[in-house]
Amino acid sequence: MNPSTVEHISECFIKPKHLVEEAKKPYYLAPWDLAMLSVHYIQKGLLFAKPPQKENQQGFKMMDFLENLKQSLSLTLVHFYPLAGRLATSKSENPPSYVVFVDCNDSPGARFTYATVDLTTSDVLSPTYVPLVVQSFFDHDRAINHDGHTRSLLTIQVTELIDGIFIGCSINHSIVDGSSYWHFFNMWSEIFQGKGDDFSISRPPVLSRWFPDGHGPVLSLPFTHHDQFLSRFEAPVLKERMFHFSSESIARLKAKANAEFSTNKISSFQSLSALVWRCITRIRNLPHDQVTCCRLAINNRSRLSPPLSPDYFGNSIQALKAGVSTAGELLEQNLGWAAWQLHQAVVSHGDENAREFLDSWLKSRFIYQIGKLFDPNSVMMGSSPRFNKYGNEFGLGKALALRSGYAHKFSGKASAYPGHEGGGSIDLEICLSPDEMTAIESDKEFMEVVSPSPC
């Protein structure tokens with residue numbers, strides 16, 4: 001057997017410890033959710049070191065650990081019961097109707113799998129580029145959200161390494177965005193560490209879906225068959241690398257961007273996003289008049305009026321076209337100019353913009369297609385370094401690293417994670433074609449800001 005082949009040992013399905021009354025009713029999806037039906041599941045996971053064996057003490061037992069994970073997951077799903085359901089479609093011809101919703105009542109539950117691989121944590125972390133085997137640490141490889149009609153909406157895959165444990169979580173993106181994804185993960189860790197049958201949590205999710213005035217909860221799509229709105233995206237050959245930026249490096253970059261534009265309003269993340277946009281545009285050698293843009297995943301919860309709760313469970317995001325320029329202008333101007341374009345787009349995006357998008361969607365209901373959403377001349381900044389990712393411990397201490405699966409990867413995609421040491425440091429997971437990756441590793445402006453990895 002190839003030592004880097006993941007071997008699946010067992011699987012089961014986990015249901016909520018008990019079913020709340022609301023779970024017996026259809027759980028309808030909002031516009032932001034329905035638009036996600038043809039994109040991938042969210043796949044993120046944490047790599048932990050196995051606890052050291054202590055002399056004359058009972059050592060770590062993998063089977064006991066798995067059982068504790070299952071029990072705590074069952075308790076967590078009491079709060080997050082839609083994750084234990086399945087998608088369902090209700091159709092009628094007279095009047096014409098095509099409604100996709102979550103059936104929480106008739107489902108085997110969330111999937112839980114246990115796998116092993118003959119690798120060490122160093123085999124995962126030490127290579128310059130993220131090894132392809134990491135994609136096998138997740139369920140639902142290449143699945144799109146509509147597959148949730150027949151596949152679990154949530155799968156936890158626990159992969160045992162020689163000296164480590166990887167907990168990979170795949171959640172249907174029609175049910176959650178990044179904020180809700182990590183909300184669930186945080187609460188599962190909280191319940192696990194609490195032990196026992198107490199399933200109270202510090203941040204209960206707000207499960208009631210939000211709809212624009214006069215719409216919902218039942219929203220019909222303008223289709224008669226799912227073939228009319230589904231497409232399968234196959235990523236091109238990519239190299240994926242984690243670039244680390246220390247808090248000191250980020251602070252210097254932010255100061256530079258603000259000084260160059262004579263302001264103090266540009267944020268750390270806007271500065272870093274502008275750097276990525278400029279440097280990737282440069283190494284692509286685009287024509288001077290080629291239009292390029294930088295998209296940012298933006299959270300609408302606090303931008304709506306009245307605002308949604310930070311604990312609103314569902315999708316409330318847009319891919320904001322924050323910066324638009326010709327390649328020539330972007331590279332002729334400095335970092336501060338590019339960062340200011342992003343800053344202006346972010347601060348001006350509010351309730352009116354979010355509702356304009358929703359009004360447009362309600363008039364012409366569409367489904368995102370990954371292959372058409374982003375172009376090869378642009379950059380997309382996803383995820384967020386603000387999410388609490390390293391606070392999920394599961395009795396194993398702080399994770400060594402965070403990694404992701406196959407989902408939503410194309411040349412020019414960057415995902416931002418908090419740095420392992422905290423303090424404002426950031427890790428960027430960047431995907432580029434092999435030639436582009438080689439080029440950016442030689443780009444002086446970019447590599448001057450990159451810091452040595454602390455891991």
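Biologist: Is histidine 146 buried or exposed?

Modeller: The model is a predicted one. Residues under 20% relative accessible area count as buried. Histidine 146 has a relative accessible area of 8%, so it is buried.

Biologist: In which loop does histidine 146 lie, and which residues does it touch?

Modeller: Histidine 146 sits in the loop between helix H3 (121-125) and strand E7 (154-160). Leaving aside residues up to four places away in sequence, its contacts are Leu37, Leu87, Tyr98, His226, Phe229 and Leu230.

Biologist: What is the phi of histidine 140, and is that residue buried or exposed?

Modeller: Histidine 140 is placed in the loop between H3 and E7. Its relative accessibility is 3%, and it therefore counts as buried. Although histidine 140 is a residue other than glycine, its phi is positive, near 65°.

Biologist: Where does histidine 408 lie, and what is its phi?

Modeller: Histidine 408 belongs to the loop between strand E13 (401-404) and strand E14 (413-418). With a relative accessible area of 15%, histidine 408 is buried. Histidine 408 is not a glycine, yet its phi is positive, at about 55°.

Biologist: What is the omega of the peptide bond from serine 305 to proline 306?

Modeller: Proline 306 is in the loop between strand E10 (291-299) and E11. The peptide bond that joins serine 305 to proline 306 is cis, with omega near -5°.

Biologist: Why can the buried residues of H9 be said to line one face of the helix?

Modeller: Helix H9 (residues 351-363) has 13 residues, and its first and last C-alpha atoms are 18 Å apart, close to the 18 Å expected at 1.5 Å a residue. Its buried residues are Ala354, Phe357, Leu358, Trp361 and Leu362. Viewed down the axis of H9, these buried residues fall within an arc of 135°, so they line one face. An α-helix has 3.6 residues a turn, so residues three or four places apart point the same way.

Biologist: What do the buried residues of H9 pack against, and which exposed residues does the face turned away carry?

Modeller: The buried residues of H9 pack against helix H1 (31-34) and strand E11 (317-326). On the face turned away from the buried side, the exposed residues are Glu352 and Lys363.

Biologist: How many residues of H6 are buried?

Modeller: Helix H6 (residues 268-283) has 16 residues, which at 1.5 Å a residue should span 22 Å; its end C-alpha atoms are 23 Å apart, in agreement. After H6 comes asparagine 285, with a positive phi near 55°. The helix is largely enclosed by the rest of the structure, because the buried residues of H6 number 13 of the 16.

Biologist: Is tryptophan 188 buried or exposed, and which residues does it touch?

Modeller: Tryptophan 188 is part of helix H4 (residues 178-194). Its relative accessible area is 0%, so tryptophan 188 is buried. From histidine 18 it is 170 residues away in sequence and 16 Å away in space, C-alpha to C-alpha. Not counting residues up to four places away in sequence, tryptophan 188 touches Leu69, Ser72, Leu73, Thr76, Ile156, Ile167 and Phe394.

Biologist: What distance separates the C-alpha atoms of aspartate 435 and glutamine 270?

Modeller: Aspartate 435 is found in helix H11 (residues 434-440). A relative accessible area of 66% makes aspartate 435 exposed. Aspartate 435 and glutamine 270 are 165 residues apart along the chain, and their C-alpha atoms are separated by 26 Å.

Biologist: How much space lies in the largest cavity, and which residues line it?

Modeller: One cavity of 30 Å³ or more is present in the structure. The largest cavity holds about 50 Å³ of space. By class, its lining has five nonpolar, three polar and two charged residues. The lining residues are Arg295, Leu373, Phe374, Asp375, Ser378, Val379, Met380, Phe410, Ser411 and Gly412.

Technical notes. Residues numbered from 1 in each chain as written. Predicted model: local features only at pLDDT ≥ 70, side-chain atom pairs only at ≥ 80, totals over all residues. Heavy atoms only, no water. 1 Å grid on protein atoms, 1.4 Å probe; cavity = no way out; pocket = protein on both sides within 12 Å on 5 of 7 lines; lining within 4 Å. Points joined across faces, edges and corners; volume = space filled by probe spheres on them. Nonpolar A, V, L, I, M, F, W, Y, C, P; charged D, E, K, R; others polar. Helix = DSSP H or I, 4+ residues; strand = E, 2+ residues; numbered from the N terminus. Expected span 1.5 Å × (residues − 1). Buried < 20%, exposed > 50% of the residue type's maximum accessible area, 1.4 Å probe, protein only. Arc of directions from axis to C-beta. Contact = heavy atoms within 4.5 Å.
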